[in-house]
Amino acid sequence: AIQSFMHLRPEAQVKVLADFRPKNEGEEDYSSLFMSFMKRCSTDATLQSGRRGGAESLEAVAMKAFFERYPVDGRAYEEFVHATPDAQMQVLANFRPRSEGDADYSAVFVSFLRRCAQDLGSSGDSRRTPMASAAPAASDWDEFLRRYPVDD
């Protein structure tokens, strides 16, 4: 369940953490309920992303297209949103993996992101981009798992 959550789009992760409310609290394992709810949230987020029209910024559209083409896990995305805007732009403009169509580019993506940040003289900072707020904070995830235990 945790691995499935980490592969959700950030918008769906936020929705899951905000809206998951099982009828009975205090259970030992919420894995099956959690998996069902994640699937619904993932479908909802996919449908909504196609209906927004012109409300999104060009940067948000570019990032969304990039991560649809090159999927990464939650940790890689989190590292990206905490990188400097210059490093983010360099990654979006210049990331070219050896192969296309892979299910996960996390390792090569993080390596490239760190190299870009280093070349620019920064390893990332606290400045956040408009997309940074899309991903849930690690503390939110930890609190959620304390309240609703799920399997790995």
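Start by selecting Ser106: at 8% relative accessibility, Ser106 counts as buried, where buried means under 20% relative accessible area, exposed means over 50% and partly exposed lies in between (1.4 Å probe, protein chains only). A word on what's on screen: this is a predicted model, so local features need pLDDT of at least 70 and side-chain atom pairs count only at pLDDT 80 or more, while totals for chains, interfaces and linings use all residues. Residues are numbered from 1 along each chain as its sequence is written, and side-chain values use heavy atoms, with hydrogens and water left out.

Now show the neighbours of Ser106. Leaving aside residues up to four places away in sequence, Ser106 touches Pro71, Val72, Asp73 and Ala76; a contact here means heavy atoms within 4.5 Å.

Next, colour the helix that holds Ser106, which is H7. Helices are DSSP runs of H or I with at least four residues, strands are runs of E with at least two, and both are numbered from the N terminus. H7 covers residues 106–119, and its 14 residues should span 20 Å at 1.5 Å a residue; the end C-alpha atoms are 20 Å apart, which agrees. That expected span is 1.5 Å times one less than the number of residues.

Which residues of H7 are buried? Pick out Ser106, Phe109, Val110, Phe112, Leu113, Cys116 and Ala117. Look down the axis of H7 and these buried residues fall within an arc of 165 degrees, so they line one face of the helix. The arc is taken over the directions from the helix axis to the C-beta atoms. Then step on to Gly121, which follows H7 and has a positive phi, near 85 degrees.

Zoom out to the whole chain. You've got eight helices and zero strands, and buried residues make up 38% of the 152 residues. Among contacts between residues at least 6 apart in sequence, 77% join residues at least 24 apart.

Last stop: helix H3, residues 31–49, which gives the most to the lining of the second largest pocket, with four residues.
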